[in-house]
Amino acid sequence: GIWASKLRLDQPLLIAEAIRRGALKDLTPEVMAGCIALFVWDRDQDVDMRTVGREDLSVMEDAFHRLIKSIEDIRNLKIKRGFVTPSIPSWPAMALFMWAKGMQWQDLMTCFGAGEGDLASMIMRTADHLRQVGNLGETHPELADVALRAISLILREPVFIP
């Protein structure tokens, strides 16, 4: 638990549980970005996904289901104890996965019915969360390395201008 106390991000308990249960192990940087984005989106807003034929999302879908299953018990316990536990829609994972894979901004906007500012904010917050996971290099070196590599894939124009 000492390593988990170093996580300064949204939903630290859920992310720590996913790490502890191995749901974030052996991921590519693109899939890692998608998995971490799940914990960033905190609004109860439906977003239309128009991704058919754009990208093979099966690897991201598999990781999403594995991650949700890994945190199911702790989410249910939080709900039972009266803690606010937001829903976890899959679209943020798909959006960050596609962005990390190199999708162009206009194409991303076409695929996801969220506002431009909302998507940009989600990408920046995901990068911040990935930095926190990247700080776990002492206890989780492989995980930290993948998280840091994911940052370089998502911090690009027009969201981030070096």
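This is a short tour of a structure, stop by stop, with what to select at each.

The model is predicted: local features need pLDDT of at least 70, side-chain atom pairs count only at pLDDT 80 or more, and totals for chains, interfaces and linings use all residues. Residues are numbered from 1 along each chain as its sequence is written, and side-chain values use heavy atoms, with hydrogens and water left out.

Select Gln11, in the segment before helix H1 (12–20). Helices here are DSSP runs (H or I, at least four residues), numbered from the N terminus. Gln11 is not a glycine, yet its phi is positive, near 55°.

Move to Asp26, in the loop between H1 and helix H2 (29–37). Asp26 also has a positive phi, near 60°. Its relative accessibility is 72%, so it counts as exposed (over 50% relative accessible area, 1.4 Å probe, protein chains only; buried means under 20%).

Next, select Leu24, Leu67, Trp91, Leu108, Phe112, Leu130 and Ile154. Within the largest nonpolar core, which has 62 residues, these touch the most other members. Such a core is a set of buried Ala, Val, Leu, Ile, Met, Phe, Trp, Tyr and Cys residues joined through side-chain atoms within 4.5 Å. At least two of its residues come from each of H1, H2, H3 (58–80), H4 (91–100), H5 (105–111), H6 (116–134) and H7. H4 gives the largest share, 9 residues.

Stay on Leu130 and show its contacts (heavy atoms within 4.5 Å). Leaving aside residues up to four places away in sequence, Leu130 touches Met32, Ala33, Ile36, Ala147, Ala150, Ile151 and Ile154.

Finish at Pro158, in the segment after helix H7 (141–154). A cis peptide bond, with omega about 5°, links Glu157 to Pro158.
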